[in-house]
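Please look through the sequence and the model below. The paragraphs that follow go from a few single sites to the overall totals.

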Amino acid sequence: MNVPSVLIVDDEPDNFDVIETLLNEQDYQLHYAATGQEAIASLDIFDPDLILLDVMMPGIDGIEVCRKIKAMSKWQAVPIIMVTALNSKSDLAHCLTAGADDFISKPVNAIELRARVHCMLRIKHQYDDLQSLLKLREDMVKMVVHDLRNPLAGILLGLELLKSLESSKEQQQMQLERIYSSAQAIQVLIDDLLQIYLLESGKKRLNYTDIYLCDIIESAISNFEGIAAQKSQFIVANLPVQNSRKVSVDATMIHRMLDNLLSNAIKFSPPNSQIIVTVEFLTSGKAKIQVIDSGPGVPDTLQHKIFEKYEIGNLMSDVSQIGLGLAFCKIVVEAHGGEICVRNNQPQGAIFEITLAA
């Protein structure tokens, strides 16, 4: 977390020294401005999270400075505490009318100052968190709309072509397959969003059944062999010779998790490459699954972040990347009491590793 920045505006340097002494044990970055004009001019430099503003100053007084700052959209959310020797209710009302969020009387009391500063910084932190959440939601909506637009455009184009009476049956069949593929892409995206919401909110209960893990993996691979072949890729399954080990999982959720990993591997791997899926039953009773690709890999700095919603690793042209697939995988695996991680393959690619609890 960043150290909070506090701007102290007072024409008396001694008053700054007093406040600096009283806040000395707090983890704040303190800045000083001697006039209202200097304070306004320094906002972009100091980027304050809180302003302690003296009322009685020569030139522009504190109330006018407060009014000017609160009139700037960029700084409206920054709390301002008026530091004043005035104590009449009308004077304090003028401070609040100008946009002040709080006030403290002179001479400043150490306990009161720390408490009010801490309170205002907490409010500012909550505001910043809310803005980040709103920005994240806005970005998410943009990405979802973008990812829905492409397959929807494919559906509409295919339907337009089907209207043509000149199309041959082969061309019509080809367009129908493209329409179906585009509709599936929309369905997968919407289903991922819904399942993430249900799992995170606790409204989705896993339907555990005892099933052969290798059967789920072979089924998932069979769904993507044709897609991989279109890029001249091969999916290789390294499974135990004895397929006698059952695991207790929600087969549908695990299958969809594998679908996401295989889909990603195909997207990011180059043509004429292999995608390897391995299964190992550990002595601890756990099962370990690896999906190994030959793509660009994942930088060390992103190996944890890419499992969060709307986080994207390497940006690649012509590849749909909304940042939900791996988040879905993580939620499903952790709902089963397991773990998921990624590390770089050698000499190229990524290894996504899932460990499922016994």
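A polar contact is a pair of N or O atoms within 3.5 Å; within protein, one must be able to donate a hydrogen and the other to accept it, and residues adjacent in sequence count only if both atoms are side-chain atoms. The model is a predicted one, in which local features need pLDDT of at least 70 and side-chain atom pairs count only at pLDDT 80 or more, while totals for chains, interfaces and linings use all residues. Residues are numbered from 1 along each chain as its sequence is written, and side-chain values use heavy atoms, with hydrogens and water left out.

The side chain of Asp-293 has a polar atom 3.0 Å from the backbone nitrogen of Gly-295. A polar atom of the Asp-293 side chain also lies 2.9 Å from the backbone nitrogen of Ala-350. Asp-293 sits in the loop that runs between strand 10 (287–292) and helix 10 (325–335); helices (H or I, at least four residues) and strands (E, at least two) are DSSP runs, numbered from the N terminus.

Buried stands for under 20% relative accessible area, exposed for over 50%, and partly exposed for values in between (1.4 Å probe, protein chains only). Leaving aside neighbours within four places in sequence, the residues in contact with Asp-293 include Ala-265, Ser-269, Gln-274 and Phe-352, where contact means heavy atoms within 4.5 Å.

Ser-222 belongs to helix 8 (residues 213–230). Because its relative accessibility is 43%, Ser-222 counts as partly exposed. A polar atom of the Ser-222 side chain is 2.6 Å from the backbone oxygen of Ser-219. Between the C-alpha atoms of Ser-222 and Ile-235, which are 13 residues apart along the chain, the separation is 9.1 Å.

Leu-134 is placed in helix 6 (residues 110–163) and counts as partly exposed because its relative accessibility is 42%.

For the protein overall, the secondary structure comes to 10 helices and 12 strands. Of the 358 residues, 41% are buried. Among contacts between residues at least 6 apart in sequence, 67% join residues at least 24 apart.
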